[in-house]
Number of protein chains: 2
Amino acid sequence: MRLSELGEFGLIDELARRGLVDRVEDDTAIVGGLVVTQDSLVDGVHFRLDWLSHRELGFRAAAVNVSDLSAAGAEPEAFVVSLGAPPETEVGDVVALYEGLAELGVPVVGGDTTRAERLFLTVTALGRSDRVPGRSGARPGDLLVVTGPLGGAGAAFREGRYLRPPIRTAAGRRLSRVATAMLDVSDGLAQDAGHIARRSAVRCELELDGVQLAGDLADLGFGEDFELLAATPDPLDFTVIGRCTEGEGVELRLHGEPVELDGWDHFR
Amino acid sequence: MRLSELGEFGLIDELARRGLVDRVEDDTAIVGGLVVTQDSLVDGVHFRLDWLSHRELGFRAAAVNVSDLSAAGAEPEAFVVSLGAPPETEVGDVVALYEGLAELGVPVVGGDTTRAERLFLTVTALGRSDRVPGRSGARPGDLLVVTGPLGGAGAAFREGRYLRPPIRTAAGRRLSRVATAMLDVSDGLAQDAGHIARRSAVRCELELDGVQLAGDLADLGFGEDFELLAATPDPLDFTVIGRCTEGEGVELRLHGEPVELDGWDHFR
């Protein structure tokens, strides 16, 4: 069987079943008291350099990793960065890329640089959190809240551009104190709510009427909005877009009617 | 200017000069008490899949990162792994790759999987060390020691194969207690000794007669032997191949005559 048939989540399940990966259900891991996350951005897959400047790419690589830390209630302390780039890349472009990475003020303390046919960037972000909600603690009765508008990334992509991911470190810290489960909306709202439903053994019922739409409804399936989605008994001042109930799976409703949304899989 | 003109070390210097990277002179960084290192392996650059099985590639990715930890006197605690792979990759090959990664018994606690035109693997290794020698503490009078034979990787490469990198965790821990500077021989003996010379502001005088050669003399320039090179006033039971003196640069001698060796640069 090929990766394209099994899919990204199928692969992770298969590796976990064989004991070859551990605790990878969340986007972050805790190692020696540090919260650690890692994301790779690949030219032609996650970005197109004709749509995105090198500086914006650097910022994006920083922001998507900080987003995963935010979902763990963590403040970033350091980045470790691996850059693969074609030898003909202009040094000025690489400098711009690292300037984008530096925008959030998180030091790049190490990494690797190497030749590659197409540019890729792997960022490991390390941070500290007082409490990591994880994904498995949501309970029936918890509300589902989101930290901002959704669909904007999909809408931008349709127009041949990328939105700057929002930085939700402060919201993540506040929510981490009360959330029973939290993640960032990167795979698509239905897919991400599904992660909480499956890990917490609850049903996630989403009322899309409550979602502040920054694009079309179908854009919610694109993901990459990088807002935080949390299950919590206390919504604080965040937008409530649904609730957890007994059961399983994800139910999406708009004006009371069920709707379906696609999600994102890197190998399909 | 292009990366191919500036070179890998030139790029790192340029980024450091602009304050865009921090403390990256060593292959490891210390974040919140953890030793962190990261290496990327790229198909067609660091390996060829017709020379190396997926399982051997996984082992290699684990081993080269553990090698950097060993040079910091650190025991590995966890890996975070990003895999980029073409969608048509066989799942069995990916499983074999993670089996190779798992050979050292270090858990893979997170990471990312993504589509890519050519396979790449970024491994972040996290560990703990009682004492990280770094590269800047070598003093005139220190001896230079190495933990094993050199040149084998270059010789194997000439024959269209790869050697399994040695695991020097135990030697690294022992040496870390007495070493004033330590790193692993990955860029080539002259280049790596040069890192110590430059950072410690000493001259490294190497007597190649003392080196246990696993290939030709020219193979020393290939690097990738992943033995540890340490400056230390106490050589313990390791092979002495030179000493640090007042001055700068690296001097290589064979039978008393000066010799020159090439080194490795990823962008050239």
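This is a predicted model: local features need pLDDT of at least 70, side-chain atom pairs count only at pLDDT 80 or more; totals for chains, interfaces and linings use all residues.
1. The crossing in which α4(A) passes α2(B) is right-handed.

2. As for the residues at this crossing, α4(A) contributes A:Val94, A:Val95 and A:Tyr98, and these meet B:Leu11, B:Glu14 and B:Leu15 in α2(B). Sorted by class, the residues of the contact between α4(A) and α2(B) comprise five nonpolar, no polar and one charged.

3. A further pairing between the chains involves helix α2 of chain A, residues 8-17, and α4(B), whose axes come within 11 Å and cross at roughly 45°. That angle makes α2(A) oblique to α4(B), and the crossing of α2(A) and α4(B) is right-handed. On the side of α2(A) the contact is made by A:Leu11, A:Glu14 and A:Leu15, while on the side of α4(B) it is made by B:Val94, B:Val95 and B:Tyr98. The class count for the contact of α2(A) with α4(B) is five nonpolar, no polar and one charged.

4. Turning to the interface as a whole, 63 residues of chain B are in contact with 63 residues of chain A. The size of an interface is often given as the accessible area lost when the parts come together. For chain B and chain A the buried area is about 5,600 Å², and carbon and sulfur atoms give 61% of that area.

5. Charged pairs should be read alongside that area, given that side chains of opposite charge can pair when their charged atoms come close. Over all chains the structure holds 46 salt bridges, and the count between chain B and chain A is four. The side chains of A:Glu90 and B:Arg2 meet in a salt bridge, with an N to O distance of 3.7 Å. This pair crosses between chains, running from A:Glu90, which lies in the loop between β3 (74-85) and α4 of chain A, to B:Arg2, which lies in the segment before α1 (3-6) of chain B.

6. Within chain B, helix α3 (residues 54-71) and helix α4 (residues 91-102) have axes that come within 6 Å and cross at roughly 35°, and the crossing of α3(B) and α4(B) is right-handed. The contact draws B:His54, B:Arg55, B:Leu57, B:Gly58, B:Phe59, B:Ala61 and B:Ala62 from α3(B), and B:Asp93, B:Ala96, B:Leu97, B:Glu99, B:Gly100 and B:Leu101 from α4(B). By class, the contact of α3(B) with α4(B) has seven nonpolar, three polar and three charged residues.

Methods: Residues are numbered from 1 along each chain as its sequence is written. Chains are lettered from A and ligands numbered from 1 in the order in which they are written. Side-chain values use heavy atoms; hydrogens and water are left out. A crossing is left-handed if the near helix is turned anticlockwise from the far one by less than a right angle, and right-handed if clockwise. Helices (H or I, at least four residues) and strands (E, at least two) are DSSP runs, numbered from the N terminus. Contact means heavy atoms within 4.5 Å. Ala, Val, Leu, Ile, Met, Phe, Trp, Tyr, Cys and Pro count as nonpolar, Asp, Glu, Lys and Arg as charged, and the others, Gly among them, as polar. Buried area is the accessible area (1.4 Å probe) that two parts lose on being put together, summed over both. Axes are lines fitted to C-alpha atoms, for helices over the stretch in contact, and angles run from 0 to 180 degrees between N-to-C directions. Angles under 35 degrees count as roughly parallel, over 145 as roughly antiparallel, 65 to 115 as roughly perpendicular and the rest as oblique.
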